Amino acid sequence: MRKKIGVLALQGAFIEHIHMLEKLGATPVEIRQKSDFTPALDGIILPGGESTVMGNLLHKTGLFEPLRNALAEGLPALGTCAGLILMAKNAEDSAHKHLCVLGVTVRRHGFGRQINSFSTEGDFAGQGQVPMVFIRGPYITAVEDGVEILATAQDKIVAVRQKNLLGIAFHPELTGDTTVHEFFLKKVLTND
Amino acid sequence: MKTEKYQLNKNLAQMLKGGAIMDVSSPEQARIAEKAGACAVMALERIPADIRAAGGVSRMSDPKMIKEIQAAVSIPVMAKVRIGHFMEAQILQAIEIDYIDESEVLSPADDAFHVDKSQFEVPFVCGAKDLGEALRRIQEGASMIRTKGEAGTGDVVQAVRHMRKMMGEIRALTVKSADELYDAAKQLAVPYELVKYVAENGRLPVVMFSAGGVATPADAALMMHLGAEGVFVGSGIFKSGNPEKRAAAIVQAVTNFKDAKLLAEISEDLGEAMVGINENEIKILMAERGK
C-alpha cells in the first residue's frame with residue numbers, strides 16, 4: 001500500500017519534497033487549502049521556504065487549527081528548515097511562534113544571512129553520513145524532555161525527533177540523498 | 001565563485017518559490033510587506049513608478065537605508081545595482097545583502113558588459129526577455145532569473161510577452177534532436193551545455209520569477225499560470241490605495257493561482273489599483289537595457 005503523504009504547498013521548496021517522495025514510492029498530495037487536508041493522509045511534510053509566509057497563509061487558508069490538532073494527535077510530520085520553525089514550541093524571537101507542537105526552541109537564521117549559507121556532512125540518527133545544506137538556516141538552542149537529538153552541525157542541534165514529529169534544520173530535499181525521507185517513511189510513520 | 005557557493009545561492013531562490021517579492025522604500029513599508037506575507041523584499045529608494053516619473057540617472061540605493069530595512073525584517077533582503085556596475089555590487093556584498101538584482105530599472109552603468117557574477121559570494125537575480133538573455137545571465141553567474149516585464153507601468157502586457165516567449169523557446173528546445181541543439185546554442189548565443197540542460201529538463205537551470213507590471217491578484221495568478229515560479233511586485237503595491245490588503249491578496253493569489261473562486265474573493269474591495277501607464281505612452285523602455 002503506497003503511503004499518502006501531504007506536502008504543505010503554500011510557499012517554498014515543496015516540489016523538491018514531492019520529487020523525493022515519488023522517488024521513494026510514496027504518493028505525495030499537495031496541501032494548498034483546507035479542503036486538501038483530509039484524514040486519508042498517512043503523514044505530512046512542512047517544507048523549507050519562509051516561515052513568516054507559511055505561518056501567515058496557514059491562518060488565511062484556515063489550515064492552522066486542523067493541522068495543529070492533527071500534529072498534536074499524532075499525525076507523523078517532517079518539517080525542514082522553515083517547517084521546523086513552524087512546528088517549534090518556542091522561538092528566540094517570540095514573534096515567530098506558530099504551531100507550537102515540537103518541544104524545542106529555535107533560533108531563526110542562527111547560522112546567519114545568505115553569505116553564511118553552507119553545506120556539510122554529518123551523521124543522522126545513526127543512519128550514516130548525510131549531506132546537510134543550510135540556507136539562511138536555523139538551529140535548535142534547547143530541547144524539552146522526550147525530544148531525541150538526531151544530528152548536530154558546528155556543535156549546534158540540527159535534527160530532532162519527538163515521537164511523530166521530525167524536525168530538521170537543513171534541507172534533505174535539496175540533495176539526492178534520501179536518508180532523511182526514508183527515515184521518516186520507515187521509522188516515524190510506523191512509530192518505530 | 002566555488003561551485004558549492006553557486007549551488008547554495010541557487011538553493012536560496014528555491015526557498016523563495018511560490019512567493020511574492022515586494023519593492024519597499026522604507027523600513028515601515030518592509031514591515032508591512034513582511035506582515036502581508038512577502039517572501040523577500042527589494043530595498044530601493046524609489047520604486048520604479050517614481051523612477052519613471054522623476055527621470056534622470058537612477059543608482060544603487062543608500063546602504064544606510066538598505067541596512068535599516070535589513071534590521072526591520074527577518075525575510076531575505078534584496079537590492080538593485082546598475083547593469084555592469086560591479087562596484088555597486090561589491091558594496092552590497094559588503095553589507096551582506098541576501099540577493100543582488102542587476103537591474104534594468106536603474107540606469108545602466110555599462111552598455112557592453114554585465115557584472116561577472118561568478119566573482120561574488122552573494123547571489124544575483126537578473127532580468128531577461130527571452131531564453132537567450134536568461135542563459136547568458138546564468139552563464140555569467142546569475143542564480144535566479146526574472147522576466148523583465150516593464151517596471152513601474154502597472155501594465156502586465158510586457159511581462160506576459162516575455163514569459164510567453166521564454167516558455168515557448170524552452171518548450172521548443174525539448175523536442176529538438178541532438179544535432180539541432182548545437183545550432184540552437186549558436187542561434188541563442190549561449191553555451192551548448194546550458195541549451196542541453198534546458199532541452200533535457202524543460203526548464204531553466206535556476207528558478208524563474210515574473211517581474212514588471214503586476215498590479216492585481218489576477219495579474220499574479222496569470223503569470224503563475226504562464227510558468228512563473230513566483231512574482232516580483234514593484235510599484236503595484238505601494239502605489240495602490242490599500243497596500244496592506246493588496247499585498248496580502250497577491251501573496252494568496254500566488255499560492256492558490258488555480259482557484260478562480262478564491263481569487264474572486266480576494267480580489268474584492270482592494271481599493272484603487274495603481275493608475276498605470278499603457279505601453280504606447282511609455283517614454284523609456286527599461287526592458288531594452290542589457291541584452
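**A tour of chain B**

Select G37(B): this residue follows helix α2(B), and its phi is positive, near 110 degrees. Helices (H or I, at least four residues) and strands (E, at least two) are DSSP runs numbered from the N terminus. The model is predicted, so local features need pLDDT of at least 70 and side-chain atom pairs pLDDT 80 or more, while totals for chains, interfaces and linings use all residues. Residues are numbered from 1 along each chain as its sequence is written, chains are lettered from A and ligands numbered from 1 in the order written, and side-chain values use heavy atoms, without hydrogens and water.

Next, select α2(B), residues 27-36, where Q29(B), A30(B), I32(B), A33(B), E34(B) and A36(B) are buried. Buried means under 20% relative accessible area, exposed over 50%, partly exposed in between (1.4 Å probe, protein chains only). Their cover includes α2 (51-60) of chain A and, in chain B, β1, β2, α4 (63-72), α11 (235-238) and α12 (243-255).

Now show the strands. Chain B has an open sheet of 8 strands with parallel pairing, in the order β7-β6-β5-β4-β3-β2-β1-β8. Two strands pair if DSSP finds at least two bridges between them. At the edges are β7 (207-209) and β8 (231-233) of chain B, each with a single partner strand, so one side of each has no neighbour in the sheet.

Zoom in on β1 (residues 20-24) and β2 (residues 40-43) of chain B, a parallel pair with 4 bridges. Here V24(B) is opposite A43(B) in β2(B).

Key: Contact = heavy atoms within 4.5 Å.
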